[in-house]
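Student: I would like to learn how to read charged pairs, cores and annotations in a model. Can we go through them one at a time?

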Amino acid sequence: MDFLQEPDIQLGLAVVVVTVAAYYIFTKKPKGCLDPEKFKEFKLVKRTQLSHNVAKFRFALPKPTAVLGLPIGQHISCRGKDSQGEEVIKPYTPTTLDSDVGYFELVIKMYPQGRMSHHFREMREGDYMAVKGPKGRFRYEPGQVRALGMIAGGSGITPMFQVLPDLFYKIRQIGRRCNSSTLMSHPKTSFLRQEELEALATNYPSRFKVYYVLNQPPEGWTGGVGFVSQEMIKEHLPFPAFDIKILRCGPPPMNKAMAAHLEALGYDSEMQFQF
């Protein structure tokens, strides 16, 4: 599935590795607001520009106590109009969880020629977005695997952030240990969700580590250089095993390259999932 990103000349990649304890907390959740069969309208209540082409959109739910009702690892379909006024539907993953009541948020990277990018670029507070869901083949349950590896391109980091906050929240709740590390790569000098990644690394220094990679590094850059390679995957991702899973999300060229790297390193199809 072409997820989140319109075609981009430069590719940014991210790899996130999370080793998880085998546990599960059962909670009864309220009924969500989504409908998998028909689109529902949600009001844009706040738009925050994060960079020249990335913005965060907060949409209100019908009630302050309502939840979206999106299982971890699933996505929604958003409907809008392109620059020619034609309907376009595209999948996105909210950056919020069902523990965030009353609203949900999307972080969108907008491209000059992107059809859905045009719709988001034109959206203003007070406008409504048509949304349908949940959708997707992947469902994550804490304890499902011993280790999760995550490879994301650009704003493809957003579906990974559905898993990470929930994972560490449950770790705090039951006090279990979790070892993890992160490799983050991007063609420019900024990273989506970098502050939150750094917060996880700070809060869990023995469990979560971050390593950044740039293919256009500034002067004085001390992190990695280039794109994610087989050598980086071998160093930062869990080794192939029956109880690990590698998640991938990004533009088609990146997905193709990472799939080839993983296959060459011995990760079979059961160990991988592409959003």
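Student: Is Asp82 buried or exposed?

Tutor: Buried means under 20% relative accessible area, exposed over 50%, and partly exposed in between, with a 1.4 Å probe and protein chains only. Asp82 has a relative accessible area of 8%, so Asp82 is buried. Keep in mind that this is a predicted model: local features need pLDDT of at least 70, side-chain atom pairs count only at pLDDT 80 or more, and totals for chains, interfaces and linings use all residues. Residues are numbered from 1 along each chain as its sequence is written, and side-chain values use heavy atoms, with hydrogens and water left out.

Student: Which residue forms a salt bridge with Asp82?

Tutor: Side chains of opposite charge can pair when their charged atoms come close. Here a salt bridge is a side-chain nitrogen of Lys or Arg within 4 Å of a carboxyl oxygen of Asp or Glu. Asp82 pairs with Arg115, and their closest N and O atoms are 2.9 Å apart. This pair links distant parts of the chain: Asp82 sits in the loop between β4 (75–81) and β5, Arg115 in helix α1 (residues 115–122), 33 residues apart. Arg115 is partly exposed, because its relative accessible area is 37%. A network of salt bridges links Asp82, Glu86 and Arg115. Helices (H or I, at least four residues) and strands (E, at least two) are DSSP runs, numbered from the N terminus.

Student: How many salt bridges does the whole structure have?

Tutor: A search finds 4. One of them joins Glu105 to Arg58, with the closest N and O atoms 2.7 Å apart. Glu105 is in strand β6 and Arg58 in strand β3 (residues 54–60), 47 residues apart. Glu105 is buried at 9% relative accessible area, whereas Arg58 is partly exposed at 28%.

Student: Where are the partners Asp243 and Arg146 in the chain?

Tutor: Asp243 forms a salt bridge with Arg146, the closest N and O atoms being 2.9 Å apart. Asp243 is in the loop between α4 (230–236) and β12 (244–249), and Arg146 in the loop between β7 (128–135) and β8 (147–152), 97 residues apart. Asp243 has 19% relative accessible area, so Asp243 counts as buried. Arg146, at 35%, is partly exposed.

Student: Now the cores. Which residues have the most contacts inside the largest nonpolar core?

Tutor: In soluble globular proteins, nonpolar side chains tend to be buried together. A nonpolar core is a set of buried Ala, Val, Leu, Ile, Met, Phe, Trp, Tyr and Cys residues joined through side-chain atoms within 4.5 Å. The largest has 24 residues, and those with the most contacts inside it are Phe57, Phe59, Phe104, Leu106 and Phe120. Elements giving two or more residues to this core include β2 (40–49), β3 and α1. Apart from this core lies another, of 22 residues, with Val163, Leu197, Tyr204 and Phe275 among them.

Student: What does Phe120 touch?

Tutor: Contact means heavy atoms within 4.5 Å. Not counting residues up to four places away in sequence, Phe120 touches Arg47, Phe57, Tyr92, Leu106, Ile108, Met110 and Met129.

Student: Which residues does the "binding site" annotation cover?

Tutor: UniProt positions are given in the numbering used here, feature names are shortened, and annotations may be inferred rather than shown by experiment. The unreviewed UniProt entry lists Pro91, Tyr92, Val107, Lys109, Met116, Ser117 and Thr158. Tyr92 lies in strand β5 (residues 87–92) and is buried at 1% relative accessibility. Val107 lies in strand β6 (residues 103–109) and is buried at 4%.
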